[in-house]
Amino acid sequence: MDFQYGSGINSRQANVDAGYNNYNSSGAREDFPINKGNEGVRDLQQIPVGKAFRGEVTDVTGRQVTIRLDNGQSVQARLAEPMSFNIGQKVLFQIKSNSEGMIEIKPLANGALQGQEATILKALEAANLPVNEKTVLLLQNLLKEQMPIDRSSLQNFYKQILANGNASLETIIQMNKNQIPVTKENIGQFEAYKNYEHRIAAEVDQLSTELTQLLSEIADEDSGKGRILHMQLLQLFAGEIGEELPNRESIGNAVQPEALIQDGQVVQKEGQAIEGQPLPAENTGKEGILTNSQQQNQGAAVNAEAVILEGKEPETVFVPGQTGYELSAGERQEVFAKINELPIPEELKERVLSGEAQTGELVKELHQLLQQNPQMNLDSLIHSDGYKKLLKSHMNKQWFVKPEQLAAGKMEEFYEKLHTQTRHLEQLLESVGKETSQAAKIAGGIRENIDFMNQLNQMFTYVQIPLMMSGKTAHSDLYVFTKKKNLKAQEGKVSALLHLDMENLGCLDVYVEMDGMDVKTQFKLADEELVGLFEKHIDFLTKRIVEKGYRFSSKVEIAEKPMDFVEDFLERGRGNAPMQRFAFDVRA
């Protein structure tokens, strides 16, 4: 790789610096002034590897490039890799190798500095930072994002880059731009959100599975530790039995033969509900909206009515939370066999077998039993697949939110409890020597996720909502683009996006804009078939909203691209978000 000077130029006159300071790869700065009579002037061949210099490209032939330095001298060198340049393009180069009169160079930032070379070199010099690929890209991106490049800011960025070597430069810049503290934990969460790997709904579901499996494994390894873990888990989750659910008698009382069967179909009579549809407002007492359990029970009643009219005995219909809903008849029989010899109420045992018992009832009884007799061996029950399913179901019941809880404004309470429970789980797993288990890692990740949401809510209004509807789980994100002060004062236009991951509908984005009594919605779905389904039923939604006194318009279309956390939320939301800091309030 021969280095050649331009015609008529003596090798001892081809000096480099062109009036700029040079930097070596370690970051130490050395000055090589040009044409200033300094006796220490060095020629280009004496420049160490890692130094950067600036020049104008005057000719390119293959990998041979001719460069005019700022002092007017021309030099030829070999590119480390083939690359195209425009004649007249000013480029910041770095010496890649320099030995025995042979020099190889490479452009920094792929040569795409768009005339910013002087600014970049000056800023790095002022901050006393090395000129290398990473620092040049840092300056390039900061200029692109119109962010500060003063000495203090650059030194802070450089410290963050060195401290978080595995983090992308883009992530560090975006986090600073959005005033998110740059920590190892936040970097992991930020990149998870960008890659759509942030879903708490998936994390808590995986955690409940891991815990039930780990409980069985620990019981095999050490029965004593297994009893400790089992009792502590029951104590952690025994606090809530759940909503009051109807028993067989109440469901039977709801069955009145007032539905007609025509051509094998249930036909609604006045005042009755068809499965999956709410009763009119005058029958609900709650503005026409039924709770999850109410709709489930009414659906169950209609199913039973149809059976009666066909002259058959009605089958018991179970709802989420009951052992009959969570387990098959064979699994219930298995659990019954394990608990039959235990000193718990016979009536509860029978209802576990029949399917009418709530999972929380059994959890509470077992917890009380172990409190009274900590040495009682329940290993056989712990290894039961049916019991594992019941325990997982009960955990998920506390770790997912029902729609009626959203209306009650309990999201903040939900996340406070989840944060506390996962912290206790980490401590509990550490106490039995399982601090490195997958369950412990997931619990820690959930807490970091919640903490990251807290950080986001210092500037933005955002919350994940792990939903449970009719016994099925779903992930959702709520992004609000309106200033928090306007939300509190109920002033101005409110813009929000609700993102849902549904089992049957797939990804659904609902954009809502509300200005006074004007409501505009935009539904974005994954495919054409779903668009047609929504358009077919949109009149029902329109009617309900107009009845509330609003002026409503909607649009249903195929999503052009997936929701982008940075571009579609942070970038859009930052323009609306106030610069002052607000307390975390997920209820917004």
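I begin with E535, which is found in helix 21, residues 528-547; helices here are DSSP runs of H or I with at least four residues, strands are E runs of at least two, and both are numbered from the N terminus. This is a predicted model, in which local features need pLDDT of at least 70 and side-chain atom pairs count only at pLDDT 80 or more, while totals for chains, interfaces and linings use all residues. Residues are numbered from 1 along each chain as its sequence is written, and side-chain values use heavy atoms, with hydrogens and water left out.

E535 is partly exposed, with a relative accessible area of 45%. The term covers the range between buried, under 20%, and exposed, over 50%, with a 1.4 Å probe and protein chains only.

Turning to the overall fold, the protein has 22 helices and 17 strands. Of its 588 residues, 46% are buried. Contacts are heavy atoms within 4.5 Å; among those between residues at least 6 apart in sequence, 63% join residues at least 24 apart.

One such region involves Q116, in the loop between strand 8 (102-107) and helix 1 (117-126). What does Q116 touch, leaving aside residues up to four places away in sequence? Its partners are Q140 and L143. Q116 and Q140 are 24 residues apart in sequence, and their C-alpha atoms are 7.8 Å apart in space.

Finally, I consider helix 5, residues 184-194, where N186, I187, Q189, F190, A192 and Y193 are buried. After helix 5 comes Y196, with a positive phi near 55°.
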